[in-house]
Amino acid sequence: MIRNVSMHGLKVLDAFITLGGATILRGPVGSGKSSVAEAVRFAALGHVPAVGRAESETAKLMRGPGGIDVTLTLDDGRTIRRTLTRKG
């Protein structure tokens with residue numbers, strides 16, 4: 001099970017979120033609920049299915065020049081980290 005999500009540079013939200021057995025993300029429009037779900041998809045799959053498999057498509061979700069950096073921490077202490085940086 002995923003315990004923590006750390007995300008930077010994805011859409012408008014930089015966050016470190018601790019998840020429980022059942023976590024509900026709630027908040028007003030634009031608060032980053034979908035960004036958290038997209039961060040988990042990006043870390044697990046290497047792309048965000050809603051925008052396509054190509055890196056250029058996922059890059060459209062970047063905020064700023066630093067790129068996207070997502071880390072998932074699992075119950076057993078292992079981590080999954082994915083990054084995507086702009087070329088050039």
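Is Thr71 buried or exposed in this structure? At 18% relative accessibility, Thr71 counts as buried, where buried means under 20% relative accessible area, exposed means over 50% and partly exposed lies in between, with a 1.4 Å probe and protein chains only. The model is predicted, so that local features need pLDDT of at least 70 and side-chain atom pairs count only at pLDDT 80 or more, while totals for chains, interfaces and linings use all residues. Residues are numbered from 1 along each chain as its sequence is written, and side-chain values use heavy atoms, with hydrogens and water left out.

**Surroundings of Thr71**

- Thr71 has its place in strand β3, and strands here are DSSP runs (E, at least two residues) that are numbered from the N terminus.
- Leaving aside residues up to four places away in sequence, Thr71 touches Asn4, Val5, Ser6, Thr79, Ile80 and Arg81, with contact taken as heavy atoms within 4.5 Å.

**Salt bridges**

- The structure holds 6 salt bridges, each being a side-chain nitrogen of Lys or Arg within 4 Å of a carboxyl oxygen of Asp or Glu.
- One of them joins the side chains of Arg3 and Asp75, at 2.4 Å from N to O; this pair links distant parts of the chain, 72 residues apart, with Arg3 in strand β1 (residues 2-10) and Asp75 in the loop between β3 (68-74) and β4 (79-84).
- Both partners of that pair are partly exposed, Arg3 at 30% relative accessibility and Asp75 at 42%.
- Another salt bridge is formed by the side chains of Arg81 and Asp69, at 2.6 Å from N to O; because Arg81 lies in strand β4 and Asp69 in strand β3, this pair ties together parts that are 12 residues apart in sequence.
- Arg81, which is also among the residues that Thr71 touches, counts as exposed at 55% relative accessibility.
- The side chains of Asp76 and Arg78 also meet in a salt bridge, at 2.7 Å from N to O, and Arg78 counts as exposed with a relative accessibility of 52%.

**Backbone at Lys11**

- Lys11 is found in the loop between β1 and β2 (13-18), and its phi is near 55°, a positive value in a residue other than glycine.
- With a relative accessible area of 30%, Lys11 is partly exposed.

How values were computed. Helix = DSSP H or I, 4+ residues; strand = E, 2+ residues; numbered from the N terminus.
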